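Please examine the model below with attention to its charged side chains and to one of its pockets.

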Amino acid sequence: MGTGDAALLDGVPGDQRPADALAVIRGVADTLASGPGSRVATSLQLASGGTRITIRGEGVFDHTAGVGELRVTLPEDPGAERAEPVTEVFVPGLLYMRNRGAGVPADKWVRVEVDSLPDGNLVTGGATDPVTAAELLRGARSAEYHGEVDLEGEKARLYSGVTDIAAASRAAGDEGRRRQLAVAVGAFTVGTVPFEVYLDERGTPRRMRHEFSFAADGDAGPVEVVSVTELYDFGTVVAVRLPEEQDIWTGTVVLDQADSSQR
């Protein structure tokens, strides 16, 4: 699945125009949670001080249980040996990572509580998982409907607007998501997040795009982050296996994505 721009189709039939775009957007998380699992493709673009990098991921997600797995490809260092993709397993409140973290043996997993990360793992893991991306929309302050578009050969309804992380935290679907998003409130230089969302006829998100901004170390200026989460092949069987306890690293772990550390 690509992440190219969708082309706006001519005309929007009046009887297909949503009566309340804001209500539609705030309900995206509930619609996603009530549907089947899917395959997922993610893209996280970070730009700061003239430097731009892109992190990509692919995997599967059970949107009802909030459980999924992604293989995330980090940018290569020039001259360095090609690194294996990072395997990330998401469960409510926890993130497991393999091939990630300074000093962690290759055969070990890192286990992190998401609300211990400065941004609640909105971008630290190199991807915004689809459930969290949808939960962010519960805090939408504004939303505009732009009509039907062609998205990868299928019709979708395009919306854009601005959501508020603090408001999303207050409106979150469960206590774990409330804590996760409450932690994220202080991580970004701007608490409001511009978004674009493409929905199918049922109101299920097919692509969600969020724009974040957080402070960088030193004088590099803010880091601008564009996160894109795409969902496709709905009905995919999602079978995620958690790491065994003996395979989890218990030493110090340093994550460099958002300058986070976890023991």
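In this predicted model, R206 has a relative accessible area of 16% and therefore counts as buried, the limit being under 20%. Its side chain meets that of E154 in a salt bridge, with an N to O distance of 3.1 Å. The two residues belong to distant parts of the chain: E154 is in strand β9 (residues 154-164) and R206 in strand β11 (residues 205-215), 52 residues apart. E154, at 41% relative accessibility, is partly exposed.

A further salt bridge joins E211 and R209, with 2.6 Å from N to O. Both side chains are classed as partly exposed, E211 with a relative accessible area of 33% and R209 at 26%.

The count for the model comes to 10 salt bridges. One of them is formed by D115 and R179, whose closest N and O atoms are 3.2 Å apart. D115 lies in the loop between β7 (109-113) and α3, whereas R179 lies in helix α5, so this pair ties together parts that are 64 residues apart in sequence. D115 is partly exposed, with a relative accessible area of 27%, and R179 is likewise partly exposed at 42%. Salt bridges also link D30, E135 and R138 in a network.

R177 is buried yet has no salt bridge. The nearest side chain of opposite charge is that of D129, at 4.0 Å. R177 does have a polar contact of 3.1 Å with Q180, side chain to side chain.

Four helices and strands, namely α2 (28-33), β5 (86-91), α3 (130-136) and α5 (175-184), each supply at least two lining residues. By residue class, the lining divides into 12 nonpolar, 9 polar and 7 charged residues.

A last point concerns W249, located in the loop between β12 (222-232) and β13 (253-255). W249 is partly exposed, with a relative accessible area of 29%. W249 and D107 are separated by 142 residues in sequence, while their C-alpha atoms are 9.1 Å apart in space.

Note on methods:
Residues numbered from 1 in each chain as written. Predicted model: local features only at pLDDT ≥ 70, side-chain atom pairs only at ≥ 80, totals over all residues. Heavy atoms only, no water. Nonpolar A, V, L, I, M, F, W, Y, C, P; charged D, E, K, R; others polar. Buried < 20%, exposed > 50% of the residue type's maximum accessible area, 1.4 Å probe, protein only. Lys, Arg positive; Asp, Glu negative; His and termini not counted. Polar contact = N/O pair within 3.5 Å; in protein donor to acceptor, adjacent residues only side chain to side chain.
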